[in-house]
Amino acid sequence: VTRAPPPGVRPTRPVRPLPVVRLLGRAFAGLIAAIVLLGVAGIGVSLRYRPAALPALVAVTGLTALLAVLTAVRVTGRIARPLGRLLAALDRLGDGVDRAPTDADVAEVAALAHAVNRVAAEAHRARDREAEAARLAEAGHRLGIRIRRHLSVSGALAEAAAGLGPLLDADHVVIRLAGSDRGGARWSRVGPGGTALGSGVTGQVGDPGPGTGVAIDAPAGAGVEAARPGASGTVEPLAGLSPDWLLAGGGERAYVWNDLAAADPPAPPEELVALRAAGAGRVLTVVFADDADPPRAAAPGHHPPGPAAASRPPAGQPAGAVTVIRQPGAEPWSARQVRVAEAVTADLGRGLLHAQLYEREQELAGRLRDLDEAKTDFMATVSHELRTPLTSIAGYLEMLSDGDAGGLTPAQERMLAVIARNTARLRALIEDLLVLSRIDSGTLPASRRDVEFGWLITSAVAAVRPAAAAAGVSIETEVGGGLTGRADPEQLDRVLTNLLGNAVKFTPRGGRVRVCAERDGDEVTVRVSDTGMGIPEDDQRHVFTRFFRARNAAEQAIPGTGLGLAIVRTIVSHHGGRVSVMSREGEGTTVTVRLPC
Amino acid sequence: VAVTDVLIADDDADIRDLVAFKLEQAGLAVRTVNDGLAALEEARAERPRLVVLDVSMPGMSGLDVCRMLRADPGTQGMLILMLTARVQERDVEGGFSAGADDYVTKPFSPRELVSRVQAMLARARA
């Protein structure tokens with residue numbers, strides 16, 4: 001971080017540094033020069049006035065100069081050299097390994113060395129703390145990721161319970177969910193070293209089941225005074241809190257430091273026993289919210305660091321709380337540990353929210369699946385139950401018509417024909433309904449295979465040809481070669497049979513039915529056209545609706561279930577294709593099926 | 001001693017009577033039972049040439065009866081025709097894998113059933 005200098009302080013002008021050795025050298029050189037100068041002057045003076053004193057003067061001057069030189073060497077050695085070493089030690093301070101030697105002869109230099117060593121040690125400790133804080137934050141971050149990776153509530157809880165203990169040096173971890181609208185609060189906890197002590201789901205609020213963990217049924221407000229950062233509280237009110245306690249303190253996160261001996265609660269629930277085993281240990285509780293967008297990502301600078309940031313209320317509804325407990329006499333929680341606990345707890349809140357959404361979705365999907373299976377079972381049963389009586393009706397009808405019970409009058413034969421026609425209709429209806437329900441539920445075996453459309457069309461045409469011949473309708477086909485695609489041949493056969501059956505059924509004697517198939521880009525287009533009665537314009541957009549029958553078909557009492565084209569459309573769309581109809585009343589109808597190939 | 005040509009097993013009395021009527025009309029000696037266990041006992045005791053088995057019967061299903069007849073050396077050569085109310089492919093496959101010689105889906109034409117039975121008997125005799 002670069003800081004602008006405070007106003008009014010100018011940056012110091014760079015001064016050329018001067019090594020102390022050279023400074024002292026210059027000083028002593030001047031001194032020696034002065035001594036020599038003084039000596040020479042004295043010699044000059046004595047030569048003129050007292051020549052007898054000359055030898056003594058020369059000796060004194062020489063001695064003084066020698067002394068000055070010796071002093072210079074000694075002083076330089078005692079000050080300059082330790083200073084130099086001090087400098088070198090300061091240079092290496094960044095590595096945090098060296099100590100400045102404190103054996104200097106000069107007291108101030110020695111004191112300076114001691115001071116430097118103190119600063120170095122302090123810097124070393126600070127660096128260790130930074131590294132430890134970074135390690136803690138990183139471990140917390142990783143734990144948060146692991147928690148959020150779980151898709152089940154119990155998995156996320158177990159991960160948090162197992163990871164928070166070692167992370168925060170806690171002996172016990174207790175996780176509670178506000179259970180009021182979730183059918184009971186969950187809890188889990190770990191013993192020393194992260195070993196799981198147990199997990200489970202509590203009973204409904206106010207309905208403590210035996211041995212199911214903590215019952216959250218204490219009156220609201222218990223432990224409220226504990227719901228302030230830095231406040232102290234007890235384990236007992238925490239264990240017996242109402243879900244409302246999460247809102248205590250106006251929705252602020254609650255931190256509870258417990259350091260007082262507990263009074264004996266009557267028949268403590270299971271969790272309380274574990275909490276009491278921790279005795280008057282230190283307790284830290286962090287509340288988490290059910291918001292998917294926690295406030296942790298707030299830009300720095302918007303929230304000043306410190307307790308104010310720590311007590312920022314969660315944005316969503318309080319959803320639960322994590323409580324970590326240390327043995328009595330353990331170290332209190334550091335601000336860093338509290339922050340990491342907050343971060344991990346926020347991750348737990350998000351992870352739980354996602355897991356709950358996922359579990360709810362899974363549950364819903366499972367229920368829909370069950371429902372679908374029940375529907376399929378029902379349809380299979382209904383179909384069987386309807387077919388059995390239909391077998392008797394159709395069978396006895398046939399015997400009557402065959403004269404197995406004796407000859408019939410023409411009137412009786414006409415009446416039996418009506419019964420036979422309607423029996424056939426009922427039978428077709430049952431079959432179509434069954435097919436439709438099977439396709440809807442996906443139980444109709446859809447085996448996609450490489451199919452040859454030409455072959456499918458040929459066999460479908462062959463199947464309807466007898467009926468067409470009886471009705472006096474001709475069928476012509478025009479199928480290109482090499483038309484292949486992936487499809488369920490049985491279902492496609494049903495499509496073709498339905499379309500050809502319709503074409504023959506609605507075409508009067510002497511009419512024509514035409515089937516053509518061709519490749520059109522990456523699609524296969526199959527057209528079934530007839531010269532039949534056509535579909536009234538108003539009815540054309542309804543023909544794919546279940547049970548819909550065109551007005552003219554109903555008026556002329558042409559048998560049909562109104563399900564044929566609905567089945568066609570369902571099968572075609574299951575194959576990723578489209579179906580359309582073009583018709584002119586009285587002239588004919590063309591149904592076009594386009595399938596990807 | 002009356003020889004049984006065809007044994008009919010179906011829990012629906014109307015269908016049982018219908019099939020019996022048509023087969024007797026075709027000149028075959030017929031016996032009827034109304035569940036799978038009786039079908040198994042009767043087949044072992046009477047040794048009919050052909051058994052008409054309804055697939056869905058209470059207790060032992062027609063498929064079970066079919067498997068047990070095929071597993072028994074005394075009855076494994078019998079002709080078996082299954083009557084089924086299900087048209088799904090896998091049910092048909094299930095019938096054949098259980099050892100049935102032919103199957104007819106309900107609702108069926110009594111006339112067609114008789115001709116199938118006659119054809120099966122003729123093939124076996126040939």
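**Chain A and its interface with chain B**

Among the contacts within chain A that link residues at least 6 apart in sequence, 69% join residues at least 24 apart. The model is a predicted one, and its chain A contains 13 helices and 14 strands. Of the 597 residues in this chain, 40% count as buried. The accessible surface of chain A amounts to about 32600 Å², with 59% of that area belonging to carbon and sulfur atoms.

We can turn next to the place where the two chains meet. Here 21 residues of chain B are in contact with 17 residues of chain A. The size of an interface is often given as the accessible area lost when the parts come together. For chain B and chain A, the buried area is about 1800 Å², and 51% of it lies on carbon and sulfur atoms.

Eight residue pairs are in polar contact between chain B and chain A, both partners having pLDDT 80 or more. Three salt bridges are found between the two chains. One of them pairs B:Lys22 with A:Asp404, and the closest N and O atoms of this pair are 2.6 Å apart. On the side of chain B that touches chain A, helix H1 (13-25), helix H4 (89-97) and helix H5 (110-125) each supply at least two residues. H1(B) gives the largest share of that side, with seven residues. Sorted by class, the side of chain B that touches chain A consists of nine charged, eight nonpolar and four polar residues.

A few details of the backbone deserve a look as well. Most residues other than glycine have a negative phi, and most peptide bonds are trans. In chain B, the peptide bond leading from B:Lys106 to B:Pro107 is cis, its omega being near -5 degrees. B:Pro107 sits in the loop that runs between strand E5 (102-105) and H5 of chain B.

A:Asp169, which is not a glycine, has a positive phi of about 55 degrees. This residue belongs to the loop between helix H4 (153-168) and strand E1 (172-177) of chain A. A:Asp169 is exposed, its relative accessible area being 52%. In chain B, the non-glycine residue B:Arg47 likewise has a positive phi, near 50 degrees. B:Arg47 lies in the loop between helix H2 (36-46) and strand E3 (50-54) of chain B. With a relative accessibility of 48%, B:Arg47 counts as partly exposed.

Note on methods
Residues are numbered from 1 along each chain as its sequence is written. Chains are lettered from A and ligands numbered from 1 in the order in which they are written. This is a predicted model: local features need pLDDT of at least 70, side-chain atom pairs count only at pLDDT 80 or more; totals for chains, interfaces and linings use all residues. Side-chain values use heavy atoms; hydrogens and water are left out. Contact means heavy atoms within 4.5 Å. Buried area is the accessible area (1.4 Å probe) that two parts lose on being put together, summed over both. A salt bridge is a side-chain nitrogen of Lys or Arg within 4 Å of a carboxyl oxygen of Asp or Glu. A polar contact is a pair of N or O atoms within 3.5 Å; within protein, one must be able to donate a hydrogen and the other to accept it, and residues adjacent in sequence count only if both atoms are side-chain atoms. Helices (H or I, at least four residues) and strands (E, at least two) are DSSP runs, numbered from the N terminus. Ala, Val, Leu, Ile, Met, Phe, Trp, Tyr, Cys and Pro count as nonpolar, Asp, Glu, Lys and Arg as charged, and the others, Gly among them, as polar. Buried means under 20% relative accessible area, exposed over 50%, partly exposed in between (1.4 Å probe, protein chains only). Accessible areas come from the Shrake-Rupley method with a 1.4 Å probe; for residues, only the protein chains shown count as cover.
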